[in-house]
Amino acid sequence: MENTIKKALKGDPRAIARLISLVESESTFAHEIMKAIYAHTGKAHLIGVTGAPGAGKSTLVDKIISRYKELGKSVGIIAVDPSSPFSGGAILGDRLRMQQHALDPSVFIRSMGTRGSLGGLSRAAYEAALILDACGKDIVIIETAGVGQTEIDIVRIADTVILLLVPGMGDDVQIMKAGIMEIADIFVVNKADREGADKIVAEVNLMLDIAGERPWRPPVLKAIAESGQGIDDIIRAVEEHRLYLQKSEEGKKRRSSRIRHEVEEILRRDIARVVEKQWKERSSNDLIEALASRRSDPYTEAGKLLEGILGAAENSREVEGA
């Protein structure tokens, strides 16, 4: 494993793919991998691209990749597709749309499933982004599955969030929803050649006016991703936001918040594993029958299980300290 990590850190695409696969499958090596690569992270700029299904996220990302390649940047993409209900794997629509970049050594594309994550973003997607960061990618783009209001997950991990809106898809209602206005650092009205594009731009700007002054006012841009129109404006806005985060107090707060969230997520996941393991070992047919017959209740049994785990941990510490 040590050799694979060394190869990945030097940019070997096969080694990078191997590390991501091990993390995504929650291998026993996952913690070892993340511990080894973490010191090498923090250099890439993480861009989240989100929006409703059909907004043109994949087409936009494809054009953004092309532009960054022209600028001499290496790019990593985590395309979060909906998971197959049968295999749990990603339905690889995004990778197919970005096929032209597949053989480019400066570009690494990975499709991942949501794996049941309501926000369209699994923990593994963020860890994959960290691996790409550590392995030398200048820009890491996370394209979410696009499941609506729960897209607020992306703001917890991305440096810059691009929210796509499209005329004729009810975006004039969508942007009014709680949380949607707050997640975007850049608004992009895609398919701007359609009727109603200017109306959406005006409505978003009105909502930003109502929200009051803020240190960073998200720009509202128009684009036609299919033809590449507006891509330069988006790249320019991303760079301006990156520089803003470097110099501002908000940038420091966002970095601190991300680190806190990262530790909390690791704790939640590891605690959940311990509790689930204990439940599987302790749940007997008699206990299930007692719950089914209402002689006990799930809250009481869950409390007993948790008390037992915490008590065992406390006893273990006392023994070690003796």
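Let's start at Glu 239, which counts as partly exposed at 33% relative accessibility. Keep in mind that this is a predicted model. The side chain of Glu 239 meets that of Arg 242 in a salt bridge, 2.6 Å from N to O. Arg 242 is partly exposed too, with a relative accessibility of 25%. Why can these two reach each other? They sit three residues apart in helix H10, so about one helical turn separates them.

Salt bridges also come in linked sets here: Glu 26, Asp 270 and Arg 273 are joined into one network by bridges that share partners. Across the structure there are 19 salt bridges. As a rule, side chains of opposite charge can pair when their charged atoms come close.

Lys 6 is partly exposed, with a relative accessible area of 48%, while Glu 2 counts as exposed at 54%.

Next comes a bridge of another kind, between the side chains of Asp 185 and Arg 254, at 3.1 Å from N to O. This pair links distant parts of the chain, 69 residues apart: Asp 185 is in the loop between helix H8 (180–183) and strand E6 (186–189), and Arg 254 is in helix H11. Both Asp 185 and Arg 254 are buried.

Arg 254 also takes us to the meeting of two helices. Helix H10 spans residues 231–247 and helix H11 spans residues 249–282; they pack at an angle of about 85°, with their axes 5 Å apart. That angle makes H10 roughly perpendicular to H11. On the H10 side, the contact involves His 241, Tyr 244, Leu 245 and Lys 247; facing them from H11 are Glu 249, Glu 250, Gly 251, Lys 252, Arg 254 and Arg 255.

One last stop is Ile 200, in helix H9, which runs over residues 197–211. Is Ile 200 buried or exposed? Its relative accessible area is 5%, so Ile 200 is buried. Follow the chain for 22 residues and you reach Lys 222; C-alpha to C-alpha, Ile 200 and Lys 222 are 9.9 Å apart in space.

Note on methods. Residues are numbered from 1 along each chain as its sequence is written. This is a predicted model: local features need pLDDT of at least 70, side-chain atom pairs count only at pLDDT 80 or more; totals for chains, interfaces and linings use all residues. Side-chain values use heavy atoms; hydrogens and water are left out. Axes are lines fitted to C-alpha atoms, for helices over the stretch in contact, and angles run from 0 to 180 degrees between N-to-C directions. Helices (H or I, at least four residues) and strands (E, at least two) are DSSP runs, numbered from the N terminus. Angles under 35 degrees count as roughly parallel, over 145 as roughly antiparallel, 65 to 115 as roughly perpendicular and the rest as oblique. Contact means heavy atoms within 4.5 Å. Buried means under 20% relative accessible area, exposed over 50%, partly exposed in between (1.4 Å probe, protein chains only). A salt bridge is a side-chain nitrogen of Lys or Arg within 4 Å of a carboxyl oxygen of Asp or Glu.
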